[in-house]
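Hi,

Here is the structure I promised to pass on to you. Have a look at it first, and my notes follow below.

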Amino acid sequence: MGRDGRRLGAGFSAPARESWEALARPGGDKADRLTRRTADDVARGPLDSARADSGSDASRPRRLAPGAAACPWDIRQRLRHPSPDRANADARADLLGGVASLELAVDPGGDAGVMIRGLDDLETALAGVELGVAPVSLDAGPHGLAAAAMLTALGARRGDDLRQVRGAFNLDPLGRLARFARLTRDLDVEMADAATWAFWSADKHPAATTFRADGRVVHEAGGTEAWEIAFAAATGLAYLDHMVEYDLPLTLAAKQIVLACAVDADVH
């Protein structure tokens, strides 16, 4: 913003694409010099103003008050230090630094996340974090249901209106099976328990999501973008089918799923 309150660049119109291309191709190079192909042979052109409007509201993250409309994106920081006290210090520092939401890695053993072994540990890790302002996303692996129940219990203990509190429980038994080739329990049991939780959450905690269909395991194994997206989509459809089988209406079931894909330095 300028000192007069106007947005910088106000009054200037975006150049026509043809004019931009003429400047971007000195010496009259062909337009296809600005296009490359992915490993799946998908043509990807240059990132320009027609594709990404840097002046739009969608281009800027912001923290939301309870009940506000969802923002298209935010800045989320992952917490994984084994000590709940240290994780809390990190969370407070990150939120003061502009982070809008938190992803809490949970591991009672402390090897792959915060040592959350009960509700008091979770309260320590999230002390001072307003769940209605800074949503919490979980990454708890085989402890997903227990972590989801504790996060919900923490909100209830604090007197939060669970119908307004956003968040993500991120249950993903199919993703864990793909990553580790095994589960702690039978897949059908895990899917059934997760679908039961989704049915409860859709009614009591509708601003939160239950499943994360995560394609990053394919990316980490060397798969292409198309394989990754296909895996995430197929996983999401499997979760959708299970929820519908448990009599959750399709429109509500779809809102219980988020998709995750890898993003690296190439942001096209």
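**What I found**

Strand β3 (residues 76-79) runs parallel to β4 and pairs with it over four bridges. Within that pairing, Gln77 sits opposite Leu102 of β4. Please keep in mind as you read that this is a predicted model.

How many residues of β4 (residues 101-105) are buried? Five of its five, so to speak a mostly covered strand. The cover is on both faces: Ser101, Glu103 and Ala105 are buried on one side, while Leu102 and Leu104 are buried on the other.

Leu104 also turns up among the contacts of Leu138. Leaving aside residues up to four places away in sequence, Leu138 touches Leu104, Val106, Ala147, Ala148, Leu151, Ala168, Phe169, Asn170 and Arg212. The largest nonpolar core has 42 residues, and Leu126 and Leu138 are the ones that touch the most other members.

Searching the whole structure for cavities of 30 Å³ or more gives one, and the largest cavity holds about 70 Å³. Two elements, α4 (144-158) and β6 (167-171), each give two or more residues to its lining. Sorted by class, that makes six nonpolar, three polar and two charged residues.

Best wishes

Key. Residues numbered from 1 in each chain as written. Predicted model: local features only at pLDDT ≥ 70, side-chain atom pairs only at ≥ 80, totals over all residues. Heavy atoms only, no water. 1 Å grid on protein atoms, 1.4 Å probe; cavity = no way out; pocket = protein on both sides within 12 Å on 5 of 7 lines; lining within 4 Å. Points joined across faces, edges and corners; volume = space filled by probe spheres on them. Nonpolar A, V, L, I, M, F, W, Y, C, P; charged D, E, K, R; others polar. Core = buried A, V, L, I, M, F, W, Y, C linked by side-chain atoms within 4.5 Å. Buried < 20%, exposed > 50% of the residue type's maximum accessible area, 1.4 Å probe, protein only. Contact = heavy atoms within 4.5 Å. Pairing = 2+ DSSP bridges.
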